Structure formats: structure tokens, C-alpha cells
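Visitor: Hello! Could you walk me through this structure, one question at a time?

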Amino acid sequence: MSSDFVPHLPRQAAIVGCGVIGAAWAARMLLKGVDVMVSDPSPDAEQILIDVLSNAVAAYDDLGLPTDQQGEYTIAGSISEAVSGAELIQESVPERPAIKTAVLAEIEAAAPLDAIVGSSTSGIKPTTMQEGMTNPERLVVGHPY
């Protein structure tokens, strides 16, 4: 790869499920200047995001990495609101196939057709999660830890 390679960063991302894993995804995106919409029914989701982002900023500072071009986050009222304009959607709901397949179907119903849909899973096969999707080729698996 040449030294002038510049990766494409989405302008808008969505996080669906903002526990520690979802908040970690959000923090990494925010610290790269990406705006993030967050969907999570928990009343603690925003505080988890704030805490994880604070820890990420401290870690970046320790490493001498820039933290001055942060994106902005918004807590969405629904999954469809969160994903409606996203280029990248990261699902990080509980590690149960029935929950993941239902949420992925809801994401796909509201997301732009060209959005990439990621799932944070450590043990569920992608083919299991793709079962309720119309365009299963959009699904990628990734984990921030």
C-alpha cells in the first residue's frame, strides 16, 4: 500500500446498541470526526457513551493522538431515526441470535441501500444473523476489542 493511501471515513454513522461495545465503536468514530446517531432503549446509554468516550480521549492523549476534531453524537428516538442517513451502521445489541436477527431486519428496513451494516458478535455466525435480511451481503462482522 502506498504511503498516500487515505481511507474513506463515513460522514454519518449509526450505533444500534450502546452498551460498552457500542459505545466503544461510537468513541472511535467520534474521535475520527464522524458524526454518530445512537439508538439504545436504556436510560443509561448516553452516560455509558460519555464515560467510554472520556476514557478513549484519555487513551488517545496518552498515545499522543489528536482528539480535537471530534464528531458529534445524537441520541435517536428509534432505530429507524438513527440509521436513516447513515453510511455505516454498527449493531451491538445483546449476543442472542433472536435479538440480533430482529434488530438487523429493522435496521435494514430503514437504512439507505448502500449503507454497510456491521455486527459486533463474538460467536454468532454471520449466516445466522443474515437470515432475516433482504440484502445479507451488506453484513460484516467486526469487534472493537
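This is a predicted model: local features need pLDDT of at least 70, side-chain atom pairs count only at pLDDT 80 or more; totals for chains, interfaces and linings use all residues.

Visitor: Why is strand 1 said to be largely enclosed by the rest of the structure?
Guide: Take the two directions in turn. Q12, A14 and V16 point one way from strand 1 and are buried. A13 and I15 point the other way, and they are buried too. Strand 1 is therefore largely enclosed, the count of buried residues being five of the five.

Visitor: How many of the residues of strand 2 are buried?
Guide: Strand 2 spans residues 35-39 and is mostly covered. Out of its five residues, the number buried is four.

Visitor: Which residue of strand 4 stands opposite V16?
Guide: Strand 1 also pairs with strand 4, in the parallel sense and over four bridges. Strand 4 covers residues 88-91. The residue there that stands opposite V16 is E91.

Visitor: In strand 5, what is the bridge partner of L88?
Guide: Strand 5 takes in residues 116-119 and pairs with strand 4 in the parallel sense, over four bridges. For L88, the bridge partner in strand 5 is I116.

Visitor: Is Q90 buried or exposed?
Guide: Q90 sits in strand 4. Its contacts away from its sequence neighbours include A14, I15 and V16, as well as W25, M29 and G118. The cut-off for buried is under 20% relative accessible area. Q90 has a relative accessible area of 4%, so the word for it is buried.

Visitor: How many residues of helix 1 are buried?
Guide: Helix 1 runs over residues 20-30 and is mostly covered. Among the elements that cover its buried residues are strand 1, strand 2 and helix 2. The buried ones include G22, W25, M29 and L30. Of the 11 residues in helix 1, the number buried is eight.

Visitor: Which residues have the most contacts inside the largest nonpolar core?
Guide: This core has 21 residues. Strand 1, helix 1, strand 2 and helix 2 each supply at least two residues of it. Apart from it lies another core, of 20 residues, among them V16, M37, V117 and M129. Back in the largest core, the residues with the most contacts are I15, M29, V36 and L49.

Visitor: Which residues is M29 in contact with, leaving aside its neighbours within four places in sequence?
Guide: M29 is one of the buried residues of helix 1. Leaving aside those sequence neighbours, M29 is in contact with A13, I15, V34, V36, L88 and Q90.

Visitor: Why does G17 count as buried?
Guide: G17 lies in the loop between strand 1 and helix 1. Leaving aside neighbours within four places in sequence, G17 is in contact with G22, S39, D40, S92 and V93. To be buried, a residue must be under 20% relative accessible area. G17 counts as buried because its relative accessibility is 6%.

Visitor: How far apart in space are G17 and S39, C-alpha to C-alpha?
Guide: Along the sequence, G17 and S39 are 22 residues apart. They are also in contact. From C-alpha to C-alpha, their separation in space is 6.1 Å.

Visitor: What is the relative accessible area of I75?
Guide: I75 is found in strand 3. Not counting residues up to four places away in sequence, I75 touches V38 and E46. I75 is partly exposed, because its relative accessible area is 37%.

Visitor: How many charged residues are in the lining of the largest pocket?
Guide: About 270 Å³ of space lies in this pocket. Its lining has 18 residues, with V16, G17, S92, V93 and P94 nearest the centre. Eight of the lining residues are nonpolar and eight are polar. The number of charged residues in the lining is two.

Terms used:
Residues are numbered from 1 along each chain as its sequence is written. Side-chain values use heavy atoms; hydrogens and water are left out. On a 1 Å grid over the protein atoms alone, a cavity is a set of points where a 1.4 Å probe fits but cannot get out, and a pocket is an open set with protein on both sides within 12 Å along at least five of seven lines; lining residues have an atom within 4 Å of a point. Grid points are joined across faces, edges and corners, and a volume is the space filled by probe spheres set on the points. Ala, Val, Leu, Ile, Met, Phe, Trp, Tyr, Cys and Pro count as nonpolar, Asp, Glu, Lys and Arg as charged, and the others, Gly among them, as polar. Buried means under 20% relative accessible area, exposed over 50%, partly exposed in between (1.4 Å probe, protein chains only). Contact means heavy atoms within 4.5 Å. A nonpolar core is a set of buried Ala, Val, Leu, Ile, Met, Phe, Trp, Tyr and Cys residues joined through side-chain atoms within 4.5 Å. Two strands pair if DSSP finds at least two bridges between them.
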